Amino acid sequence: MTQASVAADSVPTKELSSLAVSDTSAKHDEEDGSDDEVEEEAGEGEGGAQKKKKKKNRNKKKKKTKKTGPGAAGQTSPPSIPVSQLFPSSSYREGQICEYVDDNMYRTTSEEMRARDRANERQLIDLRRAAEVHREVRQYAQSVIKPGVDLADVAEMIENGTRALVEAKGFEAGIGFPTGLSINHCAAHYTPNSGDHVIVQKDDVLKVDFGVHVNGNIIDSAFTMSWNDRYDPLLNAVRDATNTGIREAGIDVRLGDIGAAIQEVMESYEIELGGKTIPIRPLRNLCGHNIGSYVIHGGKSVPIVANGDQTRMEEGELFAIETFGTTGKGLVFEEGVCSHYAKNSAHAMPRLPSAKKLLSTIEKNFGTLPFCRRYIDRLGESHYYLGLKHLVDDGIVTAYPPLCDVQGSYTAQFEHTFILRPTVKEVLSRGDDY
Ligand code: HZT
Ligand code: MN
Ligand code: MN
C-alpha cells in the first residue's frame, strides 16, 4: 500500500455533504438530486423566493417519476434513505438494455423468450434494487474520496451507506463482499483490517470495488479514481476494455473470445510516465466471473486475455466483467496481510474449539458470502485469529490475500454486473459515471 500513517481525522461530514453531486444513472437523464433540493422538500411551508424554487423542482420531479421513478433525487448526503422508499412498488430503474445480435436477434421479440423473462421477474427486481444502492453509494463515495482521506473511513462510509440503503437484514439484504480499496500496484482484495490507517495520496491510483446483495442476488461493480491526469490513459484503457467485454458478451459467446476482444482494446493504449512510454497490459491472471445465489464466483471465469477458453455464456447467467490494466508486468501475486475470506460451500467440521466457535459465527452471519476481519470485529469477537487460521488451513475457509503487480507499477480496474435475460442483456450496475 502507499503509506501506512497515523489515523487522520475523519473528513468532516459538513464538508463531505457539500461535495455530493448529481444523479447517477446514465440513460435516465433526470435532474440533479442536490442537497438543496432535499432541504427544500423538508422546508415546506416556508414562504418567499425559496418556495417558488421548491415548487418548480417538485413539479419537475413528479413529472420524471412517471417515467423512471423518483431516482436518487431524494437521496441524502451522506446516503441514508432506503432505495425502497425512493422507488415505491418495486419500480426500480432498469440497467442498460442491450439487444442481442446475430443468431440471437430473434430473442428480443420472441413471445417464448418474453415468457421466460417474466418467470425471473423477482430476481430482476432484487438485482435492480441492489444496483440502485450501488449507484447511490458510489456517487457519494466519488465525492468524498480524495487525497487525505483514510481508507478505513472510506470503507466504513461505503459499508454503512450500503447497509442503510439496502435495509440490511440477516441474509435478506446486505453487503455482498468486503469493500476493496486497493492502491497503485495492488489490483484487488485489499481492505483495511482494524487499526490499519492508509491515507490516500494525490498521485495514487485507487480501485473501489464493493458489492450489494438482495436475497443473495449480488451486484459486483468497481471503478478507479486518480487525482493526477497523467494516469488518464490507464483509466481510459481499462474503462474501454471493460465496456468492450460487456459489448462482446451474450448467450452462446465463448469466454475466450471475450478475453481476446478485451486484450486487443487494452493493448491499444500506452501511457507516458517519468518520460518513458509504457504499454498498458492486462493483468492476465485476473478475470471476471459468473455469480451464483450467495456465491460471488459461480465457477465460470471471464479471461481478460485470449486464452482459448471454449466455454460459452448461457441464458439466465449473471456475470461480473472486470478488467485490469497495468503499467507493470501484467501478472499479480499475493502480497501482504490478508483481509478477505469466504467459507466454502462443502466443508468438514473442525475439532479445535476456537475454530468451531468462529465457524458458527461465520455461518450465522455470512454464510458463503465473502467477509473481512473488520466484519468479525464488529460482531464483538476477539482473539479469533488462530481459529481463522485453522479454518483456512483445513480448507473450510478460503483466504483471498491482496493481489498485486510489481512495486512501482500502477493498476486500474472497471467492473460491471450484467444478466443474460432471455430477451435482452441488461447491464444492471451501469450508471452515468461509468
Ligand atoms: C473473491 C473474494 C471476495 C471473487 C473477483 C472479485 C472483487 O478474483 C473467479 C474469478 C470478493 C470477490 C471475489 F471477497 N474475485 N470481484 N470483485 N473480487 S476473484 C475471482 O477471487 S474467482 C475471479
Ligand atoms: Mn468486484
Ligand atoms: Mn468481481
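This is a predicted model: local features need pLDDT of at least 70, side-chain atom pairs count only at pLDDT 80 or more; totals for chains, interfaces and linings use all residues.
I started with Asp 220: one of its polar side-chain atoms lies 3.1 Å from a nitrogen atom of ligand 1. I count a polar contact as a pair of N or O atoms within 3.5 Å. Residues are numbered from 1 along each chain as written, chains are lettered from A and ligands numbered from 1 in written order, and side-chain values use heavy atoms, without hydrogens and water.

Next I looked up Glu 322, and there too a polar side-chain atom lies 3.1 Å from a nitrogen atom of ligand 1. For His 189 I got 2.7 Å between a side-chain N or O atom and a nitrogen atom of ligand 1. I then checked the burial: ligand 1 exposes 490 Å² when taken alone, and the protein buries 89% of that (Shrake-Rupley, 1.4 Å probe).

Then I went through the shell. I find 16 residues around ligand 1 (a heavy atom within 4 Å). His 189, Asp 209, Asp 220, Glu 322 and Pro 370 are the closest. Sorting the shell by type gave me six nonpolar, six polar (Gly among them by convention) and four charged residues.

I also asked where the shell comes from. E9 gives the largest share, three residues. By domain (bounds from an automatic or database assignment), I see at least three shell residues from each of domain 1 (3–13 + 122–335 + 410–427) and domain 2 (340–400).

Last, I looked at the backbone. The Ser 77 to Pro 78 peptide bond is cis, with omega near 0°. I place Pro 78 in the loop between helix H3 (49–68) and helix H4 (83–86). Ser 89 has a phi near 45°, a positive value in a residue other than glycine. I find Ser 89 in the loop between H4 and strand E1 (96–99).

Key:
A polar contact is a pair of N or O atoms within 3.5 Å; within protein, one must be able to donate a hydrogen and the other to accept it, and residues adjacent in sequence count only if both atoms are side-chain atoms. Helices (H or I, at least four residues) and strands (E, at least two) are DSSP runs, numbered from the N terminus.
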